[in-house]
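This briefing goes through one protein structure, topic by topic. Please look at the sequence and the model before reading the points below.

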Amino acid sequence: MAPSLGAGLRDTFGGIDIYLFDQMQRGRLDGRPRVLDAGCGDGRNLRFLLAQGFDCFATDRDPRAVEHVRHMAASVAPATPAAHFQVAEVDQQPWPNASVDAVICSAVLHFARDRSHFDRMLDEMWRVLARGGLFFARLASSIGIEPLLTDTTGRVRLPDGSDRFVVDERLLLDAGYERNATLLDPIKTTNVQNLRCMTTWVVEK
């Protein structure tokens with residue numbers, strides 16, 4: 001029987017976001033041992049980091065998701081305190097100022113209700129990020145599907161039928177400028193057959 005490459009990769013890396021994996025293999029998390037996953041869901045981006053000895057923290061609004069991550073962490077990295085995983089909104093993080101070296105926010109910011117809510121979430125994650133820290137986000141955008149939307153920023157109905165807060169390039173560049181962030185990569189967008197677009201935004205504090 002041929003070996004199952006997919007199963008082996010899943011065992012090692014979990015369901016990690018491939019764009020986050022790209023950042024990791026380029027060394028972007030080297031020297032940044034304290035990592036927060038804000039809006040962690042089932043912890044798919046944490047499993048490998050925990051196994052590699054990173055000091056991981058996570059929040060999610062869903063208590064079931066947080067409990068799942070606690071169980072996963074207890075199996076993969078039993079020395080990690082359960083208190084590192086908390087039920088919290090993205091704009092109400094329980095961690096001290098400048099307490100983490102990297103923040104992961106994957107497929108979360110597009111649930112903002114409006115621009116004010118988007119900025120509050122971003123500001124709160126920026127608050128807990130230490131100087132020189134990495135901020136990695138994947139979020140819905142209008143980039144590439146502008147003619148199909150009623151607006152290029154804000155809460156809109158996407159062609160796939162979902163309602164999301166979308167950003168454009170100017171909004172992301174301005175948000176980084178307002179926070180004195182350094183853009184580490186060109187803004188990259190994946191167009192899913194004109195149904196939705198997901199943009200990767202990576203900056204340093």
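A58 is found in strand β2, residues 55-60. Helices (DSSP runs of H or I, at least four residues) and strands (DSSP runs of E, at least two) are numbered from the N terminus. This is a predicted model, in which local features need pLDDT of at least 70, side-chain atom pairs count only at pLDDT 80 or more, and totals for chains, interfaces and linings use all residues. Residues are numbered from 1 along each chain as its sequence is written, and side-chain values use heavy atoms, with hydrogens and water left out.

**Around A58**

- A58 has a relative accessible area of 1%, so A58 is buried; buried means under 20% relative accessible area, exposed over 50%, and partly exposed in between, for a 1.4 Å probe and protein chains only.
- Not counting residues up to four places away in sequence, A58 touches L36, D37, C40, L46, H84, F85, Q86 and W95, where contact means heavy atoms within 4.5 Å.
- A58 and R131 are 73 residues apart along the chain, and their C-alpha atoms are separated by 19 Å.

**Cysteines**

- How many disulfides does a search of the whole structure find? The search finds zero.
- A disulfide is a covalent bond between the sulfur atoms of two cysteines; here the cut-off is a pair of cysteine sulfur atoms within 2.5 Å.
- The closest cysteine sulfur to that of C40 is in C56, 11 Å away, which is too far for a bond.
- C105 is in no disulfide either, as its nearest cysteine sulfur, that of C40, is 11 Å away.
- C40 is buried, at a relative accessible area of 7%, and C105 is buried at 0%.

**Nonpolar cores**

- A nonpolar core is a set of buried Ala, Val, Leu, Ile, Met, Phe, Trp, Tyr and Cys residues joined through side-chain atoms within 4.5 Å.
- The largest nonpolar core has 29 residues, of which L109, F118, F135 and W201 touch the most other members.
- Two or more residues of this core come from each of β1 (34-38), β4 (100-106), α5 (115-128), β5 (129-141), α6 and β10 (196-204).
- Helix α5 gives the most to this core, with six residues.
- Another core, of 24 residues, lies apart from it, and its members include M24, C40, V69 and A102.
- The contacts of W201, not counting residues up to four places away in sequence, include L122, F135, L172 and I187.

**Aromatic pairs**

- A search of the whole structure finds four aromatic pairs; rings of Phe, Tyr and Trp (its six-membered ring) pair if their centres lie within 6.5 Å, with planes under 30 degrees apart counting as stacked, over 60 as edge-to-face and the rest as tilted.
- The rings of F118 and F165 are stacked, because their centres are 5.1 Å apart and their planes are at 20°.
- This pair links distant parts of the chain, as F118 is in helix α5 and F165 is in strand β7 (residues 163-166), 47 residues apart.
- Both F118 and F165 are buried.
- The rings of W126 and F135 have centres 6.4 Å apart and planes at 75°, so this pair is edge-to-face.
- W126 and F135 are both buried, and ring pairs link W126, F135 and W201 into a cluster.

**Helix α2**

- In helix α2 (residues 18-25), the buried residues are L20, Q23 and M24.
- These buried residues fall within an arc of 100° seen down the helix axis, so they line one face of α2; the arc is that of the directions from the helix axis to the C-beta atoms.
- The buried residues of α2 are covered by elements including α3 (47-51), β4, β5 and β10.
- D17 caps the N-terminal end of α2, with a side-chain oxygen 2.7 Å from the backbone nitrogen of Y19.

- S141 lies in strand β5 and is buried, with a relative accessible area of 0%.
- The side chains of S141 and T199 make a polar contact at 2.7 Å; a polar contact is a pair of N or O atoms within 3.5 Å, where, within protein, one must be able to donate a hydrogen and the other to accept it, and residues adjacent in sequence count only if both atoms are side-chain atoms.
- A polar atom of the S141 side chain also lies 3.3 Å from the backbone nitrogen of I143.
- R179 lies in the loop between α6 (169-178) and β8 (182-183).
- R179 counts as buried, at 13% relative accessibility, and its side chain reaches the backbone oxygen of A175 at 3.0 Å.
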